[in-house]
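Please look through the charged pairs and the nonpolar core of the model shown here, and take the questions that follow one at a time.

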Amino acid sequence: MDARYVFAVRFRLDPAVGGVSVEPNEFETRLARDADPPGEEGWLFFRDNLWRGEINDERHFRRLTEEALDVTVLSVEYRALETDEEYLEALKDEIRADLETFNDDSVSAVLNKYLGSSVEVQSG
């Protein structure tokens, strides 16, 4: 099983030494975070951080990203859950087993509620 959450991150470099500068000092990059296996600790990352395919608390998520990257983060945007078919099926099974947790009546409604249409299934 293989899956990751992908984000676009815009950040700024702030040199720590006087008299040092960088040009340009702002960059955009792709950040990927491994998706935890369904049912294991951390697997509810999508529920806790995303809503309708957007980050639900951008300021908080920007701070977490700054801590992870040790740079000044200007913005973070969710792009997609990139997954293989095996992970997606395991995720659906785990959601189906506990729909009450998500306050919804179908797996597709849960996926849409949190991930929007941003699920990309990678082949082989």
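A salt bridge here is a side-chain nitrogen of Lys or Arg within 4 Å of a carboxyl oxygen of Asp or Glu. The model is predicted, and the values below are computed from it.

Q: How many salt bridges does a search of the whole structure find?
A: Side chains of opposite charge can pair when their charged atoms come close. Applied to the whole structure, the search for such pairs gives a total of 12 salt bridges.

Q: What is the N to O distance at which the side chains of Arg30 and Glu82 meet, and how many residues apart in sequence are the parts that the pair ties together?
A: The side chains of Arg30 and Glu82 form a salt bridge with an N to O distance of 2.8 Å. Arg30 belongs to strand β2 (residues 26-34) and Glu82 to strand β5 (residues 72-84), so this pair links parts of the chain whose separation in sequence is 52 residues.

Q: Is Glu82 buried or exposed?
A: Buried means under 20% relative accessible area, whereas exposed means over 50%. Arg30, its salt-bridge partner, has a relative accessible area of 51% and is therefore exposed. For Glu82 the relative accessible area is 14%, so this residue is buried.

Q: What is the relative accessible area of Glu77, which meets Arg79 in a salt bridge?
A: The side chains of Arg79 and Glu77 meet at 2.9 Å, N to O. Arg79 counts as partly exposed at 39% relative accessibility. Glu77 is likewise partly exposed, with a relative accessible area of 41%.

Q: Which element supplies the largest share of the largest nonpolar core?
A: This core has 28 residues, of which Tyr5, Phe7, Phe46, Leu91 and Ile95 touch the most other members. At least two residues of the core come from each of β1 (3-12), α1 (45-49), β5, α3 and α4 (107-115). The largest share is five residues, and the element that supplies it is α4.

Q: Which residues of the salt bridge between Arg79 and Glu77 does Phe7 touch?
A: Phe7 is one of the core residues that touch the most other members. Not counting residues up to four places away in sequence, its contacts include Ile55, Phe61 and Val76, and among them are also Glu77 and Arg79.

How values were computed
Residues numbered from 1 in each chain as written. Predicted model: local features only at pLDDT ≥ 70, side-chain atom pairs only at ≥ 80, totals over all residues. Heavy atoms only, no water. Helix = DSSP H or I, 4+ residues; strand = E, 2+ residues; numbered from the N terminus. Buried < 20%, exposed > 50% of the residue type's maximum accessible area, 1.4 Å probe, protein only. Core = buried A, V, L, I, M, F, W, Y, C linked by side-chain atoms within 4.5 Å. Contact = heavy atoms within 4.5 Å.
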